[in-house]
Amino acid sequence: MNKQLVSLVVIIAALAAAIYFLTIGANQASDEKLKLFPELAEQAQKIQQIQVSNANGSLIDARQSQGQWITVLPVSEREYPMQQKALSELVDGLSKAVLFEAKTAKSENFARLGLQDIDQVDSQGTLIKIRIGTKDYQVLIGARASLGQGSFARLIGEKQTWLLDRIINLPTDQYAWLKQPILDVLKEQVSYLRREGNAGFEIQKDFEQEDGFTLKGLGESEELKYQSILSAFVDNLVNLKFDKIVDAGESGFDPQSVTATFEVGLEDGRILNMWLWEHADADYVRFEGDFGKYWYDVNYQLSSFSAGQIDKVYADFIQDKSSQIQLPQEFPIDEGESPQ
């Protein structure tokens with residue numbers, strides 16, 4: 001190979017390498033410009049506050065406190081924990097979101113995308129503010145695209161609207177991202193669970209069986225409807241979820257209106273009390289017995305299904321042994337006389 005050919009090969013290789021690195025650099029710069037919030041991913045661990053609001057008011061006003069996200073309940077002005085997973089997914093979605101396609105920059109067309117300012121009564125937008133130090137990241141999230149491939153968005157202070165490359169999931173109301181279930185108690189911590197009253201019962205932990213419970217006072221002619229019915233009930237109670245939190249006036253709370261009272265004994269010696277009642281065709285519950293807990297003395301509204309899962313009496317767990325379905329007895333068939 002002559003010197004000229006070698007030189008040509010070297011030049012071509014150098015040009016190819018230069019084009020490659022220039023292309024990579026251009027793509028990286030392009031991707032950076034297309035990000036909704038290019039710096040948010042690196043700053044996510046420093047977030048101090050997340051606020052979400054719409055035309056109806058505040059949905060979320062969360063802040064970091066001792067390693068967890070909390071908010072202040074409007075009904076009682078007390079701190080309440082939030083679902084960290086939901087908030088993390090919101091931040092993750094915003095930090096990764098790409099401005100996929102430019103849309104209208106005319107304010108008269110914002111309503112079509114659900115991107116009107118939330119101070120307008122008919123606004124369908126949701127305003128998100130994320131505070132890190134003295135800087136706020138603010139974006140208005142609108143409707144989902146007709147094919148559901150992304151959400152429309154508009155950065156606050158800008159006219160240009162965008163279709164993001166992903167759907168940003170948002171809370172439906174101010175209760176949607178509060179911590180669920182109500183209690184911070186595990187089924188394995190329960191040593192007994194008792195419903196007071198004539199139709200009441202007491203479920204006791206059976207330490208000889210893993211995940212086992214027994215029903216106190218089970219008669220000789222009685223048996224459980226099915227083996228795991230007690231364990232399932234305890235699980236339903238400690239994992240009870242709520243629809244919303246209300247004040248005493250809205251819940252109609254009065255000790256005289258209580259329809260069921262439960263006592264839950266924990267292995268560490270703590271005793272929790274639960275009150276269940278109805279008011280204005282709605283079901284409510286509150287817990288006491290561990291002062292200082294976020295759920296202490298809070299009035300929770302339940303769905304009718306959730307209330308039905310825990311509003312049980314003794315008879316709901318048992319059946320009479322003699323009432324079991326018996327297989328039909330087989331009798332010899334009379335075939336009659338043989339034909340002559």
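Predicted model: local features only at pLDDT ≥ 70, side-chain atom pairs only at ≥ 80, totals over all residues.
Local features need pLDDT of at least 70 and side-chain atom pairs count only at pLDDT 80 or more, while totals for chains, interfaces and linings use all residues. Residues are numbered from 1 along each chain as its sequence is written, and side-chain values use heavy atoms, leaving out hydrogens and water.

**Exercise 1.** Find which residues have a polar contact with the side chain of Asp 206.

*Solution.* Start with strand E11 (residues 201-206), where Asp 206 is found; strands (E, at least two residues) are DSSP runs numbered from the N terminus. Next, look at the side chain of Gln 209: a polar contact of 2.8 Å joins it to that of Asp 206. Such a contact is a pair of N or O atoms within 3.5 Å; within protein, one must be able to donate a hydrogen and the other to accept it, and residues adjacent in sequence count only if both atoms are side-chain atoms. Lastly, the backbone nitrogen of Glu 208 lies 3.0 Å from a polar atom of the Asp 206 side chain.

**Exercise 2.** Decide whether helix H4 is mostly covered or mostly open.

*Solution.* First take the range, residues 229-238; helices (H or I, at least four residues) are DSSP runs too. Then count: 7 of the 10 residues are buried (under 20% relative accessible area, 1.4 Å probe, protein chains only). Among them are Phe 233, Val 234 and Leu 237. H4 is therefore mostly covered.

**Exercise 3.** Name the helix that gives the most to the lining of the largest pocket.

*Solution.* Go to residues 84-96: helix H3 gives the most, with 6 residues.

Notes
Buried < 20%, exposed > 50% of the residue type's maximum accessible area, 1.4 Å probe, protein only.
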